[in-house]
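Subject: Structure handover and notes

Dear colleague,

I am passing on the structure below, together with notes on what was found in it. Please read the notes beside the coordinates.

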Amino acid sequence: MRLTIDDVRSRFKKHLVDAEGSVYASPGRINLIGEHTDYNGGFVFPGAVQQGMIAEIRPNGTRTVRAYSIDLKDYVEFSIDDDKGPNASHFRYIFGVVREMMKLGVPVEGFDTAFAGDVPLGAGMSSSAALESCFAFALNDLFGDNKIDKMTLAKVGQATEHNYLGCKCGIMDQFASVHGKAGYLMRLDCRSGEFEYFPWNPQGYKLVLVNSCVKHELVGSPYNDRRQSCENVVAAIAKRHEGVETLRDCTWEMLEEVKAECSEEDIRRATYAIGETDRVLAVCDALQKGDYETVGQMMYETHAGLSKDYEVSCEELDFLNDIAKDCGVTGSRIMGGGFGGCTINLVEEALYEPFVETVKTKYKEKYGKDPIIIDVVIGDGSRKLA
């Protein structure tokens, strides 16, 4: 069931103040291909979805934020001048956005807010980026007269993850949430910041997420360790080649040169990342030709790399990928940072119902829980609703 404005407004009045504020929304995202490439300077190919975060916000004339999480039934107050901020991560996202917007010179003041989302938590659809983007867009509208451009707003969300949550994420999630456009995917060059919209209306196919209901958590060592592995390889190559700053700048020949100097694990991480940049470009070419078989093949190759080389899969996600292959699904892979969450599947419409039924039956038999099926509809990015 989709979240509505009234769902948020009723809680705002009940828990904060009996008056109306402004209502904003930002979406979660899917990523067709291009995983763990954003912080390596490569390409990603995301799109915004209809599910996301909605927040009602009303300036209160003080230096205090009063925030209520509808989903978690949790409340906090914090000063925007406090260097430490709240402890709970769902409120630290808001605190971080406030502080980062203030760094940009936006004259943020205190406000009351209630917020909720219909992005499945831990599913790899970037509920955190949706929350950050929602508040960055809203504060720019309420206090900044919309002077901050969209890419900078995306970077506010990224800086929030880095500086207040301890997750050294790339820019893709926040970029997709802010820039999303209904009916279009986006190819983002994470090195230059240039991007292009690609129409997405595949005839005869559906995009389907299968949520493993294994909750992932990217904050902490698993995510940052993989980023460090990539940086280790880049450092080794940069000693031999000028101008190398990320794995985007590296060739297969360069990687071969440093194999003896880097750990086997670091080389495997880099092998995946360099290959993934090639796969994103191959998918873009295939889409322009309407060649969905190649798109699907690249998706399966990405899953294999994420599972074996980058090691961010889990037993449940590999099992879902195997079911997709057995059912003749065109393409399937882990989506998101990994360690749980969803697979994204490119499914011919004629195979949709048997695939969904098979997934539900076999997954329940093996793991004793029901997977969640999410049909993907590409939606708009950050916006004011009311």
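**Sheets, a helix and the cysteines**

Strand β2 and strand β7 (residues 184-189) pair in the antiparallel sense over two bridges, where two strands count as paired if DSSP finds at least two bridges between them, and where helices (H or I, at least four residues) and strands (E, at least two) are DSSP runs numbered from the N terminus. This is a predicted model, in which local features need pLDDT of at least 70 and side-chain atom pairs count only at pLDDT 80 or more, while totals for chains, interfaces and linings use all residues. Residues are numbered from 1 along each chain as its sequence is written, and side-chain values use heavy atoms, with hydrogens and water left out.

Within that pairing, V44 has L188 of β7 as its bridge partner. The two strands belong to an open sheet of three strands, ordered β2-β7-β8 with antiparallel pairing. Because β2 (43-44) and β8 (195-199) stand at the edges with a single partner strand each, one side of each is left without a neighbour in the sheet. Helix α5 (residues 172-179) packs on this sheet and touches β2, β7 and β8, contact meaning heavy atoms within 4.5 Å. The direction of α5 makes about 140 degrees with that of β7, the axes being lines fitted to C-alpha atoms (for helices over the stretch in contact) and the angles running from 0 to 180 degrees between N-to-C directions.

N211 stands opposite C342 in β11, and V208 has D375 as its bridge partner in β12. Six of the seven residues of β9 are buried, so this strand is largely enclosed by the rest of the structure; buried means under 20% relative accessible area, exposed over 50%, and partly exposed in between, with a 1.4 Å probe and protein chains only.

T343 lies in strand β11 (residues 342-348) and is buried, with a relative accessible area of 1%. Not counting residues up to four places away in sequence, T343 touches several residues, including V208, L209, V210, L317 and L320. The side chains of T343 and N345 are joined by a polar contact of 3.1 Å, that is, a pair of N or O atoms within 3.5 Å of which, within protein, one must be able to donate a hydrogen and the other to accept it, residues adjacent in sequence counting only if both atoms are side-chain atoms.

Helix α11 (residues 349-367) has 19 residues and reaches 27 Å from its first C-alpha to its last, close to the 27 Å expected, where the expected span is 1.5 Å times one less than the number of residues. G368, which follows α11, has a positive phi near 70 degrees.

Finally, how many disulfides are there? The count comes to zero, a disulfide being a pair of cysteine sulfur atoms within 2.5 Å. The sulfur of C169 is 5.3 Å from the closest cysteine sulfur, in C167, which is too far for a bond. C190 is likewise in no disulfide, the nearest cysteine sulfur, that of C169, being 11 Å away.

With kind regards
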